[in-house]
Amino acid sequence: MIRVRYRYHVLFALPAALLLSAVLAAGCRKDTPSGPPAPAGNDTAAVPLAITFNAFAGNAPFLPDTVMTTENGIQYKVQRLRFYISQLELIDSSGTHVPVTLLDSAMQPATYGIALVDYGIPGSNVLRVLTRRGRYNGISMAIGVPRLAFDGSSLNHGDASTHLPPLDVDADMYWGWKPGYIFLKIEGFSYVAKQWEQFVYHIGEDKRMMSITASGAVTVPGDSSGQLRLKANINRLFVTPSGNYLPNLAGELADRVANSGGPADSLVINGQKSGFITIQQ
Amino acid sequence: MMIPRMHHRYGRRALVLVAACALASACSTSGPPATPLIDVPAGFPQPHFPDDNALTSDRIALGKKLFYDKQLSRTGEVACGSCHLQENAFADPRPLSIGVNGQLGKRNAPSLANMVYNTSYFWDGGVPTLEQQAIQPIINPLEMNMTLGEVVSRVAADPAYVDMFRRAYNSEPRPEFVTKAIASFVRTLVSGHSRYDRYEQGDTTALTASELRGMNIFFGEKAECFHCHIGFNFTNNGYRNNGIYATYVDKGRELITEDPADEGKFKVPTLRNIALTAPYMHDGSFETLDAVVNHYTSGGQKNPNTDAVIRPFTLTAQERTDLIAFLGSLTDEQFITDTKFRK
C-alpha cells in the first residue's frame, strides 16, 4: 500500500494571500528562526516555487523495478530510492545564498525544514517552497538530516519516537540500533555473474551529510507559476569525481551491501561532486 | 590476602528510597505515590531520570502493561517480556532470541537489571537512552516487526490503555509515550539484594567460605575479573574484546564507531544475577559459567583487538569452584520473585 504523505496539488489553487500568511506564520515559529527570505528592494512578497526532483538513469527516466544500465554497463534495477532534502537555498548573482521556506502538506512551513523524497510515494518528489522572486544562478541543498533542529534540540540523533513526519520512525528511514536517520536509501538488484544479486546502500551519520550545489539559471517569477526541475541522475551515484566506478554494483557482497566504509563514502562523494543533482534544462 | 572491597563499593549507606523522583516536574495527573517507585539498594548511587520523562507510578504501570503485551508484535507472538524473563533476571535463556514467525535474532538478549544506571544500550552501546532503546525491538523485522503507528492503533482501540495513557502522560496514545512508558518500567528493574550485598553491608555470615575464597580470586590479580567487572554494578560500562573469536562475524562496537580498533568489542555486562543469565557472551555461545571460566583461563583467541587483560592463567579445581560459587552469590532472589515486576 502506498502511503501518501503530502498533498501538494492544492498549492496552486491557494490564493496568494494564504501563502503570504504562511510566510508570516513562519516568522513567528520558534523552529524556523531563519524564517522566510528577507524582502529585498521591491521584492517584498514571498512567492511559491515548486521544486521537482525527476529521477533518471542517464537519460532514461527512472522507473522502479525496471532494468537500467550504469555508465560502465552494469544492469541494475532499483526497488527503493529515498532521500531527505534539507537546507535548501537559492544562489543569487552575487553568490549570496537565499534561504527558502519549505512547506508541508498543509502549506505551512515544514516543522523541521526537511522533506523526504520517496519514489515509492507519488508526488513526494515535488517540494513546495516559498522564496523571493528573482533570477538566480543555482540552488544548494543537503541530502541528510541536520544534527540539530532549528530550536537547537537534537534532531538527527534525537528520540525519533517524538518526531513528526517526515522524521517519524515509521518513515522507515531510521536506524533504531544506532539512533540516527538514513539520509539516502537505495536498494535493488544488479546483474552479477549472470544472475541478479541484491544491493542495499543506506547512507547516514553526520559526517555523511551531502552538500550539493546545482548551478544554472533559475527564475522565480512573481506569481504562483514558479517551477524548478532538477534531475536526480542515479547513474552518477556510481561514478567518482575522477571517473572511477565506485561503489561497484557488480562487486562482492561488501561492495553491494553497505552503510559505512568505502562504499558509503564513495556514494557521498559521488552524490556531492559527480552531478547526482543537476538543474534540468 | 586482603580483599580490595572498595573496588566494588560506592560506600555504605542506608536504604535510600527514591520516592518523589522529580514528581514535581511530572505531567502525570496522579498524585504522589504512597510507596517508593524504586528501592535504591545500599551502596548504589541515586539513579537519574530524563527531564522529559520523570518517573511516576502511572508511567511505570503503563510501561509494565506494554512490556508484557504481545500486541506490540506484528503477529501477536512476542512481547518484550518474551525474551526478558524475570526468572532469568530479565535475560533470555536461549542463545539467540526468537522474534515473530520464529525468526532468530542475532544476539543474546541481556539482563535488564540496573539498566537505569547505564548510559548506553545494546551490546554495542549504540543507543544512548532507554526511550530510544525501546524503539528497536518493536521495529526490528527479526523481533517484533512492527511500526510504532500500528502499535498506537492497537492500544488506542483498548479503552483501558487509553485511560492509562491519559493518566500517565495526559495524552492519547502516541509513539513517544509508548517508548517513554516502557523506559519507565525498565528503570524500576533494580537489583541489589544478593547475599553478596548483605555481606557488603556487614553481614559476615552471608557468604560461605568457598564464596569468600572465590571473591578473593575475583578481585585478585591472577584472575583480574574486577578490571572490567567493577563497581556496584560489576561493570566498568566499557567495551572490550575478550577474545572469544579470532574473526568476528558480528563486528560489535565497530558497527557504531566505524573504527576497526573496535572490532569485536562488546559492552562489559553486569555480573549481577550471572548464575541466572546463561548462556553467556553477546551471542550466547557459552552455555555455562564453567565454560566462561575455561575461556578466560585459556587466554582466548588471537585477535588484533583482544584486550591485554585477556591472557592465560591457571586455576586449581578448588579455585574454579570457589570463583563460580562467588558468582552465584550475586543472585538476587528478591529481584526475580518481586511481584511488582511480574506480569
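In which sense, parallel or antiparallel, do S12(A) and strand S15 (residues 257–258) of chain A pair? The pairing is parallel and extends over two bridges. Strands pair if DSSP finds at least two bridges between them, and both helices (H or I, at least four residues) and strands (E, at least two) are DSSP runs numbered from the N terminus. The model is predicted, so that local features need pLDDT of at least 70 and side-chain atom pairs count only at pLDDT 80 or more, while totals for chains, interfaces and linings use all residues. Residues are numbered from 1 along each chain as its sequence is written, and chains are lettered from A and ligands numbered from 1 in the order in which they are written.

Chain A comprises three helices and 16 strands. Of its 281 residues, 44% count as buried, the criterion being 20 or more other C-beta atoms within 10 Å of the residue's own, with 12 or fewer for exposed, partly exposed in between, and C-beta atoms placed from the backbone. Among contacts in chain A with a separation of 6 or more, 74% involve residues 24 or more positions apart; contact requires C-beta atoms, placed from the backbone, to lie within 7 Å. A:Ile186 stands opposite A:Tyr201 in S12(A). The hairpin of S11(A) and S12(A) has two residues between the strands, and A:Ala193 there takes a positive phi near 50°.

In chain B, nine of the 11 residues of helix H1 (residues 57–67) are buried, so this helix is largely enclosed by the rest of the structure. The buried residues of H1(B) pack against helix H2 (80–83), helix H6 (159–169) and helix H7 (175–187) of chain B. H1(B) packs on H7(B) at an angle of about 100°, with the axes 7 Å apart; axes are lines fitted to C-alpha atoms, for helices over the stretch in contact, and angles run from 0 to 180 degrees between N-to-C directions. H1(B) is therefore roughly perpendicular to H7(B), where angles under 35 degrees count as roughly parallel, over 145 as roughly antiparallel, 65 to 115 as roughly perpendicular and the rest as oblique. Nine nonpolar, two polar and three charged residues form this contact of H1(B) with H7(B), with Ala, Val, Leu, Ile, Met, Phe, Trp, Tyr, Cys and Pro classed as nonpolar, Asp, Glu, Lys and Arg as charged, and the others, Gly among them, as polar.

The contact between the chains takes 19 residues from chain B and 11 residues from chain A. H7(B) gives the most to the chain B side, with four residues.

The largest nonpolar core has 118 residues, and those with the most contacts inside it include A:Tyr84, A:Phe183 and B:Ile182. Such a core is a set of buried Ala, Val, Leu, Ile, Met, Phe, Trp, Tyr and Cys residues joined through C-beta atoms within 7 Å. Strand S4 (residues 75–91) of chain A gives the most to this core, with eight residues. A second, separate core of 22 residues includes B:Phe219 and B:Phe326.

Notes. Two residues are in contact if their C-beta atoms, placed from the backbone, lie within 7 Å.
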